Amino acid sequence: MVNLFSMKDYTKSVKGRAQKAFTLLSILLLFAGLLLGGASSKPVQAQATTYPEYVVKPGDSLLWIAAKFNTTLEAIMSVNQLGPESTLHPGDKIKIPSLAGMQGILSSEYVGLGTSLVSLSRRSQAQLSQLIRLNRITSPSELFIGREILMTDVDQESPTAPNTLLEGQSFLELAIKSNVNPWALGRRNLLQNANQAIPQDSFYVPSSVAQLDALAIPGVGSISIGNLPLRQGDTYYLSVESPGKVQVKSELLDFSPQFTDIGDGKQIAYVGIHALTEPGVYPLSMSFTRDDGFEYRFDQLVVIKSGNYATDPPLRVDPATLDGDNIRAEDAIFRDLLAPVTPVQHWDGLFYSPAQDADCVISTFGSRRTYNDDPKIFYHTGLDLGYCKGTDVYAPAVGKVVGALPGLIVRGNTIIIDHGLGVYTIYMHLEEILVEEGAVVERGQLIGVIGTTGRSTGPHLHFEVDIQGTPVNPATWLRRAFP
Ligand SMILES: [Zn+2]
């Protein structure tokens, strides 16, 4: 039998021995550490810090990556164990020290029409807090259309499409209709509980086609904006799909484009941004009116970036081509000819170059110009293709000739072709016009001969693309196909 006193004594003596042994072990370990050259006294970490990784793209530099992620070159080199001799290759993965604690591959996309932080989060499966931290967002209003948003680990394997919870429909019904487990659907949409699902909110369900831009609007299947980010002097389009009849209106920079019904419940509007628009953030408003009179409106800010347009050297031309009355008289003719929005899309895919040598550019679109020492600033409304390989001028796409105008003082001999949906191409300073008004031309058909008639300083083709009356950068149409 052991009494309490002796028990205490025993404990003390065991403790004392253990302490002595521990101190001895520590000294030995310290010596071992010093011998091995590890002078660090840092405690051993149970788990290594995680970092998300950025995939290097062609043209990237470590300095640029450091600036993009708000860190320093030294920190990036240290975390990635890079030395001064290390080289960077596209496809390399670089750990980002300023985002310690996060993981996955960093990717980016432009904010689309109707995108909110919540919809981005639901689609990409990135936590809201992560999106906010990654993009240093301080207010939801900073989610401008066309802003580049960084995300980690977008789930590309199982693309999702938005689906709207209708008034009176339960989340369970939506899950059954979409053929998914309601609990999985809830998790995918970051809901703790199915009762949190609000009617008319959009939820992402697995789909074979990923729908990037989504806003749940009653009676509207999808809306999207094309050719982001928007730039001064460039083209964009708004597309709306709805199962029933919906009247769509939109306004940006005091302009309301005309929408055209192109069948299959789709409506589209092509729009041009004026080349002299100040770069900045502008409100885009949209409204949808159903047949039963129900109206839904929303506004979202959109970024318009600079077109980085050059300034041409001062030009000398015939003063008659700068005369205000002459300019106004011609502009009035063009305004009328370019106003109709023909409800058919005649073009199909990329535009064919209207000159034999598409690389023979003598002046690009948007460049700021002055004439004959007058301080008035003009801008170049088209693309000047020089007289390099030949003098033939071709139609870039199918269309109808709506103007064959000889002898104009400013524009010279000019052709106008209507390609539908408010998109027109114009050919100026021609030597000869080889088509007649009313003719339907094919893609690549010979339509004229390069010359130097009108306000021109030498033989060239002034090729212009106008959308709902606004000249836009033709180079975009030669480079990318619009649907
Ligand atoms: Zn020109």
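Is Gln-81 buried or exposed, and how many C-beta neighbours does Gln-81 have inside 10 Å? Gln-81 counts as exposed because 8 C-beta neighbours lie inside 10 Å, and the cut-off for an exposed residue is 12 or fewer.

## Model and confidence

The structure is a predicted model. Mean pLDDT for the protein is 80, with 76% of the residues at 70 or more.

Two segments have pLDDT under 50 throughout. One is residues 1-45, where the model has 3 contacts beyond four places in sequence. The other is residues 207-214, with 24 contacts beyond four places in sequence. Where pLDDT is low, predicted coordinates should not be read in detail.

## Loop residues with positive phi

Gln-81 is located in the loop between α3 (73-79) and β2 (93-95). Gln-81 is not a glycine, yet its phi is positive, about 50 degrees.

Asp-254 is another residue other than glycine with a positive phi, near 60 degrees. The loop that holds Asp-254 runs between β10 (246-251) and β11 (260-263). Asp-254 is exposed because 6 other C-beta atoms lie within 10 Å, and exposure is assigned at 12 or fewer.

## A cis peptide bond

The peptide bond from Leu-228 to Pro-229 is cis, and its omega is near -10 degrees. Pro-229 belongs to the loop between β7 (222-226) and β8 (230-231).

## Helix α5

Helix α5 spans residues 128-135, and its buried residues are Gln-130, Leu-131 and Leu-134. These residues lie on the same side of α5 because they cover an arc of only 100 degrees around the axis. In general, an α-helix has 3.6 residues a turn, so residues three or four places apart point the same way.

The cover over the buried residues of α5 includes α4 (117-124) and β4 (148-152). Arg-136 follows α5 and has a positive phi, near 45 degrees.

## The largest nonpolar core

The largest nonpolar core contains 75 residues. Ile-145, Ile-415 and Tyr-427 have the most contacts inside this core. Strand β22 (residues 423-430) supplies the largest share of the core, 6 residues.

Which residues does Ile-415 contact, leaving aside neighbours within four places in sequence? Ile-415 is in contact with Val-401, Gly-403, Ala-404, Tyr-427, Leu-430, Ile-433, Val-435, Ile-447 and Gly-448. One of these partners, Tyr-427, is also among the core residues with the most contacts.

Terms used:
Residues are numbered from 1 along each chain as its sequence is written. This is a predicted model: local features need pLDDT of at least 70, side-chain atom pairs count only at pLDDT 80 or more; totals for chains, interfaces and linings use all residues. A residue is buried if 20 or more other C-beta atoms lie within 10 Å of its own, exposed if 12 or fewer, and partly exposed in between; C-beta atoms are placed from the backbone. Helices (H or I, at least four residues) and strands (E, at least two) are DSSP runs, numbered from the N terminus. The arc is that of the directions from the helix axis to the C-beta atoms. Two residues are in contact if their C-beta atoms, placed from the backbone, lie within 7 Å. pLDDT is the predictor's confidence in each residue, from 0 to 100. A nonpolar core is a set of buried Ala, Val, Leu, Ile, Met, Phe, Trp, Tyr and Cys residues joined through C-beta atoms within 7 Å.
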